[in-house]
Every structure is written in C-alpha cells, then in structure tokens.
Amino acid sequence: MTIQWFPGHMAKATREVQELIKRVDVVVELADARVPQASRNPVLNEILADRPSVLALVKTDMADESVTKAWQHHFEQNGETVVLMNAKHNQGTGKLVQEVKRLAQPKMEALQKKGIQNRSIRAMIVGVPNVGKSTVINRLVGKNQAKTGNKPGVTQGNHWLKVSKQMDLLDTPGILWPKFEDPEVGYKLAITGAIKDERLVYQDVVLYLIQKLREHYPDALKARYNLSELPSEGVELFEAIGRKRGCLIAGGDVDFDQAAEVILRDFRSQKLGPMSLEEPK
Ligand code: GDP
C-alpha cells in the first residue's frame, strides 16, 4: 500500500476542523458502520476540548446488523453516545437530533442562567471523506440546502443551516483525515471508499477483501460467484472469481485488474449483501 498523506495538509485540515469546533455546542462524529474503528480518527478526541460529541454509525443498511449492534454496545460501554443511522432510508435522524439536544442541555442551561434566552443549539458534522457527511446534513436540514463535495482548503461559507427552531447546523462538515499506520486500516478505508488514490494497488486491496469475506461470509461468496467450494488460498479464490465472471485476457488467463474492479463494485453496491469488515475485540 503506497498511500501517503502530506503532514502539512493533515495539520492544516485538522486546524480547520479545530477552529470550526470552537463555534459549536455539540459535535456529531460520523463513522462507517462497516468499519467503525477504521473510519474514526483519534485526533478528534484531542480537538474536541471537552465538547460533548455523539457518534453516529452511518450506512447501517450496508453493514452486518448483529456486528453493528455489537459495536454499539462496545462504544456505549466506553461511555460514548451512539446513534445508528441509515441516511438512505432516513432512519435515525430523529434520534440524532434528540441526543444532540440532550448533550447540549447543560450548556443551554448555563447560557440561560447568564440571561441568554432562546439561543439555538449549534452543532456540526465531522467525519472522514465519503462517510456520508453531506447526506446526513441533507437529512437533518430537510431540503437540499447542504453543499456536497466539500474538500479541505476549498473556501466555504460557514453559514448556519436550520434543523429546527432550537437547532442550527454548520453548513460545512469537518473533514477528518483518515489515519492508518496499520495497513489493514488502509485496506478497509480503500474498500469502503474513504480513500481514493490512483496509486492504490487495487489487487492488494481486493485480495484483502476476498480473504475477509472468505473468513466471515463464505456462503455469500459462493452464492454470488456460483462456486461450490472456495479455494483456501486467497489468490486462487481471486482467480476463480475472475474466471467465473469472465475477466480474461488473451490466452485465457485471468485479468486481475478487471476482476478486482468487479469484486470491489459488487461489495460497494451490496451485491454481496450487508457486510461488516471488522468486529469489536
Ligand atoms: P461525504 O463525503 O462524507 O459528504 O459523503 P456523502 O454524503 O457524499 O456520501 C457518500 C456516499 O455514501 C454517497 O454515495 C451517499 O449516497 C452514500 N451514503 C451516505 N449515507 C448512506 C447510508 O446511510 N446508506 C447508504 N447505503 N449509502 C449512504
């Protein structure tokens, strides 16, 4: 895996998020339910500076339901507030708003004691690229007011969007840099689409995915690719799938680049069914 971030860019993006966080009462952190650990960045904890936060596990429709429940339990055991969301079918939005209000309560009471009445709760969304920030903003705001495709360094308006009478949302989501010293984390983020890089070796990524699926979801693999048995070696399995899907080069050898694309597309478009790529320890 050859993905690298430039430390200067990372530091700048982190500073930007840190500045935005100072303007809000509650932070909503999004993590991908399929990879709840890999899609979080611990830097957030450092820059929250005692601000309350809620962890929204999004894309639950794409993840393994029982594994998602186990993650929810795991994070709650650690004292975190967790909401399960499926933005595609608009599930969890009401619960998220409710939790933001609950977490903002002490701050709002303190403001009232100082004589500041009727100040709206201010919240913001943060998360790694492609986790679903714009989608969740759109869900919270109702109408398609949120801009999509925000990138670090792009000039942003920083306006407030109205969620309700009592709650405003920063129009700019905070982009957290993915963090992966561990190559497995890099693979998981590449598979789920949080990192895109032309230099990525997709064959490596897909080989990792195949091995994971072989271990946890063998029946789904057999069904999708019409295989009665799964070869124990990852490369052989990769080849068998490529052959079944007709990904061949002249001479009849398997075209691994094409096969990688097919498998990745199948996973991302849920042709293999809802799946999780990591479980709580
Ligand atoms: P951002 O880069 O964090 O703002 O991510 P986007 O909001 O642009 O979402 C990235 C992709 O994930 C889009 O194709 C969304 O349609 C998709 N997406 C977001 N939330 C969900 C969800 O809960 N379920 C599913 N299936 N797809 C989602």
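## Model confidence

The protein chain has a mean pLDDT of 90, and 91% of its residues reach 70 or more; pLDDT is the predictor's confidence in each residue, from 0 to 100. Over residues 146–155 the pLDDT is below 50, yet this stretch has 22 contacts in the model beyond near neighbours in sequence, a contact being heavy atoms within 4.5 Å.

This is a predicted model, in which local features need pLDDT of at least 70 and side-chain atom pairs count only at pLDDT 80 or more, while totals for chains, interfaces and linings use all residues. Residues are numbered from 1 along each chain as its sequence is written, and side-chain values use heavy atoms, with hydrogens and water left out.

## Helix H4

Helices (H or I, at least four residues) and strands (E, at least two) are DSSP runs, numbered from the N terminus.

Buried residues of H4 include Leu96, Val100 and Leu103 (buried: under 20% relative accessible area, 1.4 Å probe, protein chains only).

## Strand E4

Strand E4 (residues 121–127) is largely enclosed by the rest of the structure, because 6 of its 7 residues are buried. E4 pairs in the parallel sense with E1 (residues 26–32) over 4 bridges; pairing requires at least two DSSP bridges between two strands. Val126 in E4 is the bridge partner of Glu29 and also of Gly174 in E7.

Key. Buried < 20%, exposed > 50% of the residue type's maximum accessible area, 1.4 Å probe, protein only.
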